[in-house]
Protein chains: 2
Amino acid sequence: MHDPQARMTVLFTNAWLLTLDDAMTAHERGWLQVDGATITALGSGAPPVIPGAEIVDCDGDFVMPGMVNTHCHMGMSVFRGLGEDVDDRLYRYILPLERKFVSPEMVRAGSALSALEMIQGGVTTVADMYYFETEVGRVCDQAGLRAIVGQTLADFDPPDHKTFDEGFSRVEDLVAEFGNHPLVTPSIAPHAPYSTGREVMARIAQWSADHPAVPVQMHLAESTLEVNWAQENYGKSTVAVTAESGLLKPNLICAHCLQFDDADITMMSEHQVCVATNPRSNGKAGRGIAPVEKLLNAGLPVGIGSDGAMSGNTLDLFSQFAPVSMFAKLIAGSRKPLPAAQVVRMATIDGARVLSLNLKTGSLEPGKQADIIRISLDAPRLHPIYDPYSTLVFATMPSDVTHSMVAGRWLMRDRKVETLDPKKALRDALQVAESFKAEMRAIDQNR
Amino acid sequence: MHDPQARMTVLFTNAWLLTLDDAMTAHERGWLQVDGATITALGSGAPPVIPGAEIVDCDGDFVMPGMVNTHCHMGMSVFRGLGEDVDDRLYRYILPLERKFVSPEMVRAGSALSALEMIQGGVTTVADMYYFETEVGRVCDQAGLRAIVGQTLADFDPPDHKTFDEGFSRVEDLVAEFGNHPLVTPSIAPHAPYSTGREVMARIAQWSADHPAVPVQMHLAESTLEVNWAQENYGKSTVAVTAESGLLKPNLICAHCLQFDDADITMMSEHQVCVATNPRSNGKAGRGIAPVEKLLNAGLPVGIGSDGAMSGNTLDLFSQFAPVSMFAKLIAGSRKPLPAAQVVRMATIDGARVLSLNLKTGSLEPGKQADIIRISLDAPRLHPIYDPYSTLVFATMPSDVTHSMVAGRWLMRDRKVETLDPKKALRDALQVAESFKAEMRAIDQNR
């Protein structure tokens, strides 16, 4: 575990501060002070003089809260682009590869590559769910990322548990290891209603009532397969079945939420459930478009997720901004819905709210944890800037992020990642990919 | 005009060559030889030994044809992000600003910023249409870009002609200046059917028959406004009205093509008209989705355009890849349509076909012009690579492009643009933006 630089002071000066506080306060020439893990002061005008402080002269660059990726499968970066455009790739490649190769080592390799990419791309908080999730927690601890790590439970003979009892025991291990970690929060993650079943969802709901500090993560209403499962078995929507199990609670983070009718949205709203929308993953799979505007109008907290690299390919949130915006505008037939500033809120403070971390992160305010990124404005494609949120949503790219800090600890300075060894992370991931490629050749030959 | 390095030899070695030829030949460890303006040889295995050649050791990076941006308004980069999310921004801001500020100087400033961004983002050929278009031609000449530059004709009191006669005279000037240019092709660009009218479209069609080497560019079926205009005035589709004018010919490049029914597509196909789809611009405006799969199935050449930075914000084609893919997959409800390799073809050889430049550019083949980019594979987000086209479409970003060459001339080496002064381009554009900002404040105060 990282030993925080107890009272080290860092002073960001000449920053275009985008605080993302409730009033959307921005200071075009601002400063911000960090003491230890915490933001202690900020403002415009002359910065305070603090002997011994580390000064970061930002030269007019954007300084904003680190982004919150509300849905990811970090271990899966080793699948990035595998079987792209192949309609049956899940059953043809992915499930067989997962059964054969998913191990603590593979999860560690994939998660380290993902952590590296997210740090470079401006993500400082991530909600993850996969197998051997203690490994993901350990990688996030080393990388210095704020994280919610969810042990997946499923009935389809997943790689790390044969029974739900075994799955629960993995969750208990995770809670034992990370229950008191300052940055890594353990989580329980039923895969989806159809792959968990109503009875096991009810068991998880009971377990969750006894563990109120442990967030629950689940895929919900992602596919017509799931909708059909709920209709055929219960004559109801998948949201209604989940509600009956007792799982619809404010500590439930629901990913995808595509196959929703208005009654489902009302039910989600009554229970104040949180949503992680994954526009690129959903669009690329041709699965559909989440009704984000309707969810927001119903008062639901909505954050943005990258999904795994197998589905969305990149894990930064800039890649999600144009899709999430365009989808809302296309549904409405107007350029007005989901303004750029709101998209940036979804990626920061609203995402933090989805993860119940909004008192700690997601905005730059005194007393909050110092989760901060700096974005270079050097690239000509970023100019002119009429509205910084438009620039962030439609022109900024992960390569523009130069600095990243979580709880006052530097993860990256001047594009150099300080908490992970990039060469080792890449080497380990490519070694896994080589085994995948050999197995894919064997699969294709045996067809 | 640039004086070509007559017989200078450049040898790319250790390249992951993606030729985009008909067979989609790729060499994972390949080499490519350029003599003067032309690709003279390529292959895998040991490269030839050529004394005095400039050796570019690509260290396994992708080397591929430069991209072809089939629809742009280069002068408009100074409008980037202006009035984002404001539904009436065209009438509230853009037309008043254009009437007041569009001048040769403004067009030069905007075009230089656009040229800089496109070189950095891997575009080597661009089809442009705007006002004072000789300025755009001059900027492209200086920047070293291959370009089709189209003088716009319109009836709404545009900034550089009061009558169509004046517009035609600007076209004649453009043809006189660039008719024999090796890289810059003059073009005539009726703005759209509704803003040109059937009679003037017919006059342009006649003029075009006398000038077969001059491509015609036009916005087509972009909005319901245009559809209504055609229905109300002629009781027909906008494509049918255009066909009657005689303008539907293989040398017509049609941008957008959103409001198409099957009969329109058949008509376009019968006339072998070319299409430039602009997915980000259309999505951001909430205007709709072009039926790209249907157009391709009808045998129409379809390229990708960025549209102006006012509409699509960025001018590279990587930004268009995920949208164009997702839209096709969402329409079909499957991840299969428009595979990644086909998207890359649309951005290169198919785009060149749309511009009738496919004998010169768009693929790496001996005898073709040396329009080449190199793409670094350093970023962790690009790995693993199971399929280079998937990597290009869903993970590569403009910041990964390190080298760009057009007709054997270096435009950029190791991220350093060699044909333009980036600082001056940015300074000039920001100066224009300051006048825009002052005028916008005045507009908002007078409402």
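**View 1. Domain 1 of chain A and domain 2 of chain A bury about 2,100 Å² between them.** Buried area is the accessible area (1.4 Å probe) that two parts lose on being put together, summed over both. Of this area, 69% lies on carbon and sulfur atoms. The model is predicted: local features need pLDDT of at least 70, side-chain atom pairs count only at pLDDT 80 or more, and totals for chains, interfaces and linings use all residues. Residues are numbered from 1 along each chain as its sequence is written, chains are lettered from A in the order in which they are written, and side-chain values use heavy atoms, without hydrogens and water.

**View 2. Chain A is divided into domain 1 (9-65 + 363-414) and domain 2 (67-354).** These bounds come from an automatic or database domain assignment. The C-alpha centres of the two domains lie 29 Å apart. Domain 1 brings 28 residues to the contact, and domain 2 brings 27. Contact means heavy atoms within 4.5 Å.

**View 3. A:Arg345 and A:Asp22 meet in a salt bridge through their side chains (4.0 Å, N to O).** A salt bridge is a side-chain nitrogen of Lys or Arg within 4 Å of a carboxyl oxygen of Asp or Glu. Between the two domains of chain A, the count is two salt bridges.

**View 4. α16(A) gives the most to the side of domain 1 of chain A that touches domain 2 of chain A, with five residues.** Helices (H or I, at least four residues) and strands (E, at least two) are DSSP runs, numbered from the N terminus. This side of domain 1 has 18 nonpolar, five polar and five charged residues. Ala, Val, Leu, Ile, Met, Phe, Trp, Tyr, Cys and Pro count as nonpolar, Asp, Glu, Lys and Arg as charged, and the others, Gly among them, as polar.

**View 5. Chain B can be laid on chain A by a turn of 180° and a shift of 0.0 Å along the axis, with an RMSD of 0.0 Å.** The two copies are thus related as by a two-fold rotation axis. Copies are superposed by least squares on the C-alpha atoms of residues with pLDDT of at least 70 in both.

**View 6. Chain B and chain A bury about 5,100 Å² between them.** In chain B, B:Asp85, B:Arg335 and B:Tyr386 lose the most area to chain A, together 18% of what that side buries. B:Lys329 and A:Asp85 form a salt bridge through their side chains (2.8 Å, N to O). α13(B) gives the most to the side of chain B that touches chain A, with seven residues.
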